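Visitor: Could you take me through the sheet in this model, and what packs against it or sits inside it? I'd like a close look at that one part.

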Amino acid sequence: MNYKIISKYIKNLDFKIPDSEIYSSLSKEIPNYKINIDIKSEQIKESIIEIETSLSLIPNKENIKKINTRIVYATIIKILNKKIDKDSLEKIILVEVPSSVYSEIRKIFLFLFETSGFKEIKVNEAVNFEELHSKRKNQ
């Protein structure tokens, strides 16, 4: 392995249902939202990188009253191979690390909804980050 996970933490967490009207209509409106995953990275030190994997719900339609749900999960890694090539580093950041932390992010996200009374929310148990990365490269 070319890297080691040093630390993981919730960097930001938003879960806002603005009012009771939106809350009461949310069960039927949930299909009008889609899951969005975003990955960002920042070099902290020479061989230390922070990778932010975020999971959020975004509306498919313009006219829905919106809820605001987003979790940003930060993973700090140390690159062990100082001569790692750009493609391998990109794969670590966009595929390997998000794949390893996704189940934790999903668990937190589902917990928030279930605790709020929405047990029917569906979030994929797995995401093929390799496929997403390939599609992005081919665009």
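Guide: Reading along the sequence, you get the pattern β-α-β-β-β-α-α, which makes three helices and four strands in the chain. Helices here are DSSP runs of H or I with at least four residues, strands are runs of E with at least two, and both are numbered from the N terminus. Keep in mind that this is a predicted model: local features need pLDDT of at least 70, side-chain atom pairs count only at pLDDT 80 or more, and totals for chains, interfaces and linings use all residues. Residues are numbered from 1 along each chain as its sequence is written, and side-chain values use heavy atoms, with hydrogens and water left out.

Now the sheet. The four strands form an open sheet in the order β1-β4-β3-β2, with antiparallel pairing (two strands pair if DSSP finds at least two bridges between them). β1 (3-16) and β2 are the edge strands with a single partner each, so one side of each has no neighbour in the sheet. From one strand to the next, the twist averages 15° (angles run from 0 to 180 degrees between N-to-C directions, and axes are lines fitted to C-alpha atoms, for helices over the stretch in contact). Look at β3 and β4: they pair in the antiparallel sense over ten bridges, and Ile51 stands opposite Thr75 in β4.

What lies against the sheet? α2 packs on it and touches β1, β2, β3 and β4, its direction making about 140° with that of β4 (contact means heavy atoms within 4.5 Å). α2 (residues 86-115) also meets α3 (residues 129-137), their axes coming within 9 Å and crossing at roughly 145°. On the α2 side that contact includes Leu94, Val95 and Tyr102, and on the α3 side Phe129 and His133 are among the residues. In total, the contact of α2 with α3 divides into five nonpolar, two polar and six charged residues.

The structure holds one cavity of 30 Å³ or more, meaning a set of points on a 1 Å grid over the protein atoms alone where a 1.4 Å probe fits but cannot get out, with lining residues having an atom within 4 Å of a point. β2 (33-45), β3 (48-59) and β4 (68-79) each supply at least two lining residues. Among the residues of the lining are Asp38, Glu52, Arg70 and Val72. The lining divides into two nonpolar, two polar and four charged residues (Ala, Val, Leu, Ile, Met, Phe, Trp, Tyr, Cys and Pro count as nonpolar, Asp, Glu, Lys and Arg as charged, and the others, Gly among them, as polar).

Terms used: On a 1 Å grid over the protein atoms alone, a cavity is a set of points where a 1.4 Å probe fits but cannot get out, and a pocket is an open set with protein on both sides within 12 Å along at least five of seven lines; lining residues have an atom within 4 Å of a point. Grid points are joined across faces, edges and corners, and a volume is the space filled by probe spheres set on the points.
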